[in-house]
Amino acid sequence: MATTITDSQKPFSLDPYHVSEVSGFILPAPLTELPPYYQPWMDIAQHVTELIYSHTLRSHILKMPLLNTRFLESHRELRLAHLALSVMTMGYVWQEGENDTVKMLPRNLAIPYWKVSQRLGLPPILTHADAVLANWKKRDPHGPFDMENLELLVTLPGGDSVKGFFMVTLLVELAAVPAIKSIPLVINGVQCGDAETVTSALEEISQAMEGMTDALKLMHAYVKPEVFYGIIRIYLSGWKDNSSMPAGLVYEGIQAEPMEYSGASAAQSSLLHCFDELLGVKHEEKCGAFLTRMRNYMPSSHKHLIQDISLQPSLRGFVQQEASELLTAAFQLCVTKLMALRSYHINVVSRFITVPAARARQLRSQGNSSQEETVSRAPTALEETGTGGSGIMSFLKTVRDRTRDVSLPLDNRAMQKSTNGAQPQNTQYTTHQTHLQSNTF
C-alpha cells in the first residue's frame with residue numbers, strides 16, 4: 001500500500017543541483033562574450049585552430065597579459081572563461097603533437113585558469129562540461145535545437161568533424177532530459193511505495209535511453225573516423241596516464257611540482273552515473289575507481305546529484321519486494337536499454353578508434369607514414385586508451401557487463417505488456433525536440 005512522504009523525508013527534487021527540466025545537464029544559454037577586460041582571452045580562444053595550424057599559438061599566449069579573475073561574476077561568465085582558457089591550454093600543450101609537448105603552462109594562462117577552476121569546482125583542463133555542455137549557441141535563437149541550427153562557441157582542429165563530435169554528444173545529453181526529469185519521480189515513488197508511479201517513470205527513462213542511442217547514431221553522419229582519430233583526439237588528451245607527458249604539467253605560479261589531469265571523456269558525463277546509481281549498477285574495483293575519479297571532472301552540483309541518488313532507498317530492492325510484473329518489466333526494460341546504449345557506444349569506439357588504430361599500425365609497419373593518410377598523424381600513445389586514460393575497449397565491455405548484473409528474472413508476457421504500453425521512442429523523442437524548439441535555454 002502506498003504511503004506519503006513525511007516532513008522529515010522531503011520529496012527528492014532536481015532544484016538544488018542546477019539541473020534543468022528543459023536542458024538537463026546542458027548549460028542553458030551559454031554566454032558568447034566575456035566582459036571587455038577579458039577580450040585578450042577571447043581574441044586567442046576564438047582563433048585557436050588557425051593559430052595551431054600556423055604554429056603561432058604558443059607565441060601568442062606567451063604575449064598575453066596576466067588578467068585578474070575577480071571581474072568574473074556570474075556562473076555563465078565563469079563557464080565561458082573556463083572554456084576559453086581550456087581550449088587555449090589544450091592547444092598550447094599539443095600544438096606540435098605528441099613529440100614536442102611542453103613541461104610548463106605559462107603563468108599568464110596558468111594562474112587565471114587555476115583560479116577560475118577553483119571557483120567552479122572543475123579541474124584546470126578541458127572537460128566534457130566545457131567542450132560539450134557549455135560550448136554551443138543557436139544560429140537562430142528561436143530556431144530548433146538541431147545540428148543545422150547549432151554552432152560551437154570555440155573550436156579545435158578537426159573542421160566539420162570536431163563540430164559534429166561535440167554537437168552530436170550534446171544531442172545525446174538533450175535526448176536524456178526526459179529521463180533526468182523522471183529520476184525524482186522514481187525516487188519519490190519508491191519512498192511512498194507507489195509502484196504505479198515508479199513503473200510509469202521507468203518507462204519514460206527507458207524511452208529516453210533509446211533516444212540517446214538514436215542521437216549517438218548521428219556520429220556516423222557528422223564525424224569522419226580518420227579525422228577524429230588522426231586530428232581531434234590529441235586535443236582531448238590529458239597529462240595523466242599519457243606516455244607523451246609522463247611527468248604531468250607544471251602550472252607556473254601555482255606550484256613547482258607538475259600536476260596530472262585526465263583528458264575529456266564520455267565518462268565525465270553525469271548521465272550514465274545517474275542511471276547506474278538509480279538502477280544499482282556496481283562496477284568492479286578498477287573500472288569503479290576510474291568512474292569515481294571522473295566525477296571530479298563534473299560541475300560540483302552535478303557530482304552531488306549523483307552522490308545523493310546513491311543514498312536513496314534501493315530501487316531494485318523495491319522492485320523485488322513489490323513483485324509486480326509490470327514494475328519488474330519496466331525496470332528490466334531500463335536495464336536492457338542501458339545495455340543497448342553501452343553496446344552501441346562500443347560500436348562507435350570500434351569504428352572511430354579501434355579500426356583507425358589498426359590502419360595506423362599497418363602504415364607504420366609498412367614504413368609508410370604519409371601525411372596523405374590522416375590516421376598516420378595520430379599519437380601512438382593513445383592507441384590503446386581513451387582520452388580519459390582508460391584501456392577503452394576492455395573498460396567499456398566490463399561496464400556493459402556489470403550493467404547486465406542488475407537484471408531481474410522476467411516473465412516474457414510482462415515484458416511484452418511493458419513494451420506495448422510504452423510510447424514509441426521516435427514519437428517521444430520528436431515530441432521532446434518540438435517542445436525544446438519553443439524554449440530558449
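Contact here means heavy atoms within 4.5 Å, and residues 24 or more positions apart account for 80% of the contacts in the protein with a separation of 6 or more. The model is predicted, so that local features need pLDDT of at least 70 and side-chain atom pairs count only at pLDDT 80 or more, while totals for chains, interfaces and linings use all residues. Residues are numbered from 1 along each chain as its sequence is written, and side-chain values use heavy atoms, with hydrogens and water left out.

**View 1. Overall content of the protein.** The protein has 19 helices and four strands, where helices (H or I, at least four residues) and strands (E, at least two) are DSSP runs numbered from the N terminus. Buried residues make up 56% of the 441 residues; buried means under 20% relative accessible area, exposed over 50%, and partly exposed in between, with a 1.4 Å probe and protein chains only.

View 2. His-345, which the UniProt annotation "binding site" covers in an unreviewed entry, is found in helix 16 (residues 325-365). Such annotations may be inferred rather than shown by experiment; UniProt positions are given in the numbering used here, and feature names are shortened. His-345 counts as partly exposed because its relative accessibility is 24%, and, leaving aside neighbours within four places in sequence, His-345 is in contact with Leu-216, Ala-266 and Leu-396.

**View 3. Aromatic pairs.** The structure holds ten aromatic pairs, for which rings of Phe, Tyr and Trp (its six-membered ring) must have centres within 6.5 Å, planes under 30 degrees apart counting as stacked, over 60 as edge-to-face and the rest as tilted. Tyr-37 and Tyr-38 form an edge-to-face pair, 4.8 Å centre to centre with 85 degrees between the planes; Tyr-37 is partly exposed at 36% relative accessibility, whereas Tyr-38 is buried at 0%. Phe-290 and Phe-395 also pair edge-to-face, at 5.2 Å centre to centre and 80 degrees between the planes, and this pair links distant parts of the chain, 105 residues apart, with Phe-290 in helix 13 (residues 285-294) and Phe-395 in helix 17 (residues 392-404).

**View 4. Charges over rings.** A charge sits over a ring if NZ of Lys or CZ of Arg is within 6 Å of the ring centre and within 35 degrees of the ring normal. Arg-58 lies over the face of Tyr-92, 5.8 Å from the ring centre, and the charged end of Lys-217 sits over the ring of Tyr-344, 5.8 Å from its centre.
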